[in-house]
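Here are a few quick exercises to work through with the model open in your viewer. Try each one before you read the solution.

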Amino acid sequence: MASAWWPCLVLALLSGLAASGFPRSPFRLLGKRSLPEGVVDGIEVYSTKINSKVTSRFAHNVVTTRAVNRADVAKEVSFDVELPKTAFITNFTLTIDGITYPGNVKEKEVAKKQYEKAVSQGKTAGLVKASGRKLEKFTVSVNVAAGSKVTFELTYEELLKRQKGKYEMYLKVQPKQLVKHFEIKVDIFEPQGISTLDAESSFITNDLLGSALTKSFSGKKGHVSFKPSLDQQRSCPNCTDSLLNGDFTITYDVNRESPGNVQIVNGYFVHFFAPQGLPVVPKNVVFVIDVSGSMAGRKIQQTRDALLKILDDMKEEDYLNFILFSGDVTTWREHLVQATAENLQEARAFVKTIEERGMTNLNDGLLRGIGMLNKAREERRVPERSTSIVIMLTDGEANTGVTSPEKIQENVQNAIRGKFPLYNLGFGNNLNYNLLDAMALENHGFARRIYEDSDADLQLQGFYEEVANPLLTGVELEYPENAILDLTQNSYQHFYDGSEIVVAGRLADEHMNSFKADVKGHGAVNDLTFTEEVTTEKITLWSGAVPSTFSWLDTVTITQDGLFMTINRKKNMVVSFGDGVTFVVVLHQVWKKHPVHQDFLGFYVMDSHRMSAQTHGLLGQFFHPFDFKVSDIHPGSDPTKPDATMVVKNHRLTVTRGSQKDYRKDASISTKVACWFVHNNGEGLIDGIHTDYIVPNLF
């Protein structure tokens with residue numbers, strides 16, 4: 001498989017745990033009994049739940065399946081999960097009759113050996129293998145004693161990628177039997193706000209889907225739930241087999257008030273960049289097509305169909321040419337031609353004549369296409385503000401000319417010299433996909449496998465749509481050198497319409513107040529610079545271990561588990577607990593160029609009498625009435641501020657009259673409140689001394 005991560009999970013089960021080794025469960029019933037609906041070969045899978053939480057495009061998924069052996073003898077129970085190829089497993093546990101066995105995730109290099117060794121020793125192990133276009137399959141089996149229960153729980157994570165203007169979350173649904181409790185639950189939180197949200201299924205009609213599916217979004221939160229009843233799962237009204245067998249896909253996008261968005265959490269940042277409304281940069285495309293004998297039949301026909309559709313989408317500002325390679329190399333035109341109506345008509349006629357023949361000279365085909373693009377730029381046959389792209393399609397390995405993968409890879413890299421991207425499309429499975437992938441990645445492109453199926457032409461068209469509309473070239477995301485550590489890739493040859501560039505890094509100072517991010521690129525008309533001012537000022541609300549992060553620029557209201565919170569943009573935050581006390585946190589902003597003072601937060605307590613009598617702390621000790629007396633008011637050192645004597649907590653203190661500003665009603669307009677000021681850091685008024693209330697950090 002092409003992925004660099006091939007997990008193997010080895011469970012800490014004793015090698016002697018066979019069917020006879022499991023303790024008998026009290027759930028085991030003696031004698032004959034009628035089995036409940038949904039039991040297959042004595043095994044009832046009574047619960048399958050997929051729980052996903054998506055925060056800032058990052059998905060955390062937990063798949064939990066529970067089963068019971070209803071048979072009178074031990075049975076093998078299998079757990080299959082198909083997960084996206086871009087996902088990675090972070091945890092797996094197996095629980096048998098209340099005893100949990102944790103799994104260990106291993107990397108590709110040792111995964112298969114560990115798996116084979118574990119199986120040979122009678123241990124339970126799972127291995128991830130490729131499974132179809134977008135998925136890999138994780139499979140694990142275990143012997144379960146009669147009457148025993150088993151729970152499988154798999155956790156995997158994935159960064160959702162934006163393509164064609166949407167983020168896609170792809171779930172494979174295949175329980176293989178009726179499940180009493182089946183549910184998919186997805187909660188999405190996006191700080192930018194959600195603009196669209198949809199969910200669809202390949203295995204159920206919209207009419208049936210609608211009654212089992214709920215989806216909603218408002219502001220920054222989105223929710224999708226799919227919870228079919230047993231009757232809704234049946235393939236027919238009286239059938240006992242399930243129709244849940246296919247794809248469940250969730251798509252959404254976010255609001256984009258500005259081209260970029262930067263989010264900061266725990267000393268790390270992630271920068272999302274996706275400008276909109278820019279004119280498309282003209283492109284110079286060379287299609288390098290394998291026409292060797294193995295392309296005969298449906299593959300060559302689907303290739304022709306896809307190219308004809310792609311020609312319909314070419315813009316007049318674009319330039320193109322076709323390179324065909326088999327045992328030799330032929331070209332449609334000697335050099336790139338503009339995509340005028342006349343030239344496109346001639347190109348269609350040429351595509352219709354493409355036939356398979358001969359061997360596979362991959363090296364010469366690629367070098368001819370690359371050389372043509374280089375020459376067109378050197379001879380100024382293409383617009384100065386245009387971008388070049390090589391798209392290569394093959395279904396096999398090189399078997400004539402230069403056949404060494406290493407040499408082909410070297411030749412291609414030396415010819416391109418980093419000037420434009422190479423996109424490789426591998427048709428079918430009988431090819432060196434690792435070579436295609438490596439060549440594309442080191443030349444700023446990517447590889448895509450085209451599966452031999454009835455929709456192969458649509459797969460080809462779908463790929464082209466991803467790269468058809470470049471909006472920027474030579475994109476550089478720049479950050480202050482002394483502010484950022486451990487930066488991910490921040491230089492991209494292209495930004496395509498509907499996609500997104502994501503850069504992450506670590507702040508050199510996790511307490512840094514702000515830094516600036518500049519994004520520079522070449523547009524269709526001029527060079528562009530986008531600047532993002534990044535701030536670490538944030539408000540984080542925790543629900544268990546799950547954080548929700550907001551800023552003082554937000555206006556949002558949240559009600560959850562008796563908590564009510566409102567953020568009023570650039571003013572204050574109000575927090576209430578049921579019928580209890582209300583807190584107000586006010587953002588006090590000062591002149592940005594002030595040599596000393598900085599923005600600060602004021603913490604105010606409303607209805608303090610509702611607090612428990614046991615409440616203490618610097619503020620809490622004053623939430624309930626206490627006795628004090630002020631007397632002997634006399635002139636002080638400041639004629640406008642008299643002094644007095646205060647008797648409180650058996651102490652005689654000298655206090656000074658003054659006033660304080662109250663911002664609880666309006667963060668910009670204060671109310672003057674008369675008060676007495678206690679000197680010496682409140683000594684005699686507060687319990688203990690002021691240093692008792694100073695802590696190294698808040699958490």
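**Exercise 1: the cysteine pair**

Cys-236 has a relative accessibility of 29%, so it counts as partly exposed. Keep in mind that this is a predicted model.

Task: work out whether Cys-239 is buried or exposed, and describe its link to Cys-236.

Solution, step by step:

1. Start with the cut-off: buried means under 20% relative accessible area.
2. Cys-239 comes in at 19%, so it is buried.
3. Now the bond: a disulfide joins Cys-236 to Cys-239, with an S to S distance of 1.6 Å. The structure holds 1 disulfide.
4. Last, the handedness: the angle about the S-S bond is 85°, and the link between Cys-236 and Cys-239 is right-handed.

**Exercise 2: one side of a helix**

Task: find which residues of α7 are buried, and say where they sit around the axis.

Solution, step by step:

1. Get the helix first: α7 runs over residues 405-416, which makes 12 residues. From first C-alpha to last it reaches 17 Å, close to the 16 Å expected at 1.5 Å a residue.
2. Pick out the buried ones: Ile-408, Asn-411, Val-412, Ala-415 and Ile-416.
3. These cover an arc of only 120° around the axis, so they lie on the same side of α7.
4. What do the buried residues of α7 pack against? Their partners are α6 (362-378), β25 (422-427) and α8 (433-442).

Note on methods
Residues are numbered from 1 along each chain as its sequence is written. This is a predicted model: local features need pLDDT of at least 70, side-chain atom pairs count only at pLDDT 80 or more; totals for chains, interfaces and linings use all residues. Side-chain values use heavy atoms; hydrogens and water are left out. Helices (H or I, at least four residues) and strands (E, at least two) are DSSP runs, numbered from the N terminus. The expected span of a helix is 1.5 Å times one less than its number of residues. Buried means under 20% relative accessible area, exposed over 50%, partly exposed in between (1.4 Å probe, protein chains only). The arc is that of the directions from the helix axis to the C-beta atoms. Contact means heavy atoms within 4.5 Å. A disulfide is a pair of cysteine sulfur atoms within 2.5 Å.
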